[in-house]
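Welcome, and please have your viewer ready. We will walk through this structure one selection at a time.

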Amino acid sequence: MLDELKEEEIVKKVGGRFKLSSLIQKRMVALNRGTRPLVELQTKNAMEIVVQEIIQDKIFLDATGAVAVRQDENRERHFSSGPSLDDM
């Protein structure tokens with residue numbers, strides 16, 4: 001397990017363990033579908049990439065529960081994080 005996930009800081013940053021789990025799962029789906037990582041790492045491990053994106057404030061869950069990318073103070077970009085309820 002990644003040491004960063006053992007720290008309470010990442011849980012507080014996202015807003016709780018459930019939100020952290022949801023954010024990680026949704027972002028990993030997006031990465032597995034071909035979305036480019038928002039951080040430069042020497043690993044292909046999607047979990048490590050997602051954790052670093054969270055720590056570096058690159059991604060967050062918006063008010064609707066979708067993954068959003070923090071580009072700057074005024075703009076946010078949203079992307080598909082996985083299947084919708086209609087796909088199930």
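Predicted model: local features only at pLDDT ≥ 70, side-chain atom pairs only at ≥ 80, totals over all residues.

Residues are numbered from 1 along each chain as its sequence is written, and side-chain values use heavy atoms, with hydrogens and water left out.

Of the 88 residues in the chain, 36% are buried (buried means under 20% relative accessible area, exposed over 50%, partly exposed in between, with a 1.4 Å probe and protein chains only).

**Select residues 17-32.** This is helix α3. Its 16 residues reach 22 Å from first C-alpha to last, close to the 22 Å expected at 1.5 Å a residue; the expected span is 1.5 Å times one less than the number of residues. Show the side chains of Leu20, Ser22, Leu23, Ile24, Arg27, Ala30 and Leu31, the buried residues of α3. What covers them includes α1 (3-6), α2 (8-14), α4, β1 and β2 (67-70). Just after α3, look for Gly34, which takes a positive phi of about 110°.

Axes are lines fitted to C-alpha atoms, for helices over the stretch in contact, and angles run from 0 to 180 degrees between N-to-C directions. The two helices are therefore oblique to each other (angles under 35 degrees count as roughly parallel, over 145 as roughly antiparallel, 65 to 115 as roughly perpendicular and the rest as oblique).

Which residues in α3 and α4 meet? From α3 come Leu20, Leu23, Ile24, Arg27, Met28 and Leu31, and from α4 Ala46, Met47, Ile49, Val50, Glu53 and Ile54; contact means heavy atoms within 4.5 Å.

**Finish at Lys58.** This residue lies in the loop between α4 and β1 (59-61). Is Lys58 buried or partly exposed? At 30% relative accessibility, Lys58 counts as partly exposed. Leu38 is 20 residues away from Lys58 in sequence but 6.9 Å away in space, C-alpha to C-alpha. Beyond neighbours within four places in sequence, Lys58 is in contact with Leu38, Val39, Glu53, Ala68, Val69 and Arg70.

Definitions and conventions: Helix = DSSP H or I, 4+ residues; strand = E, 2+ residues; numbered from the N terminus.
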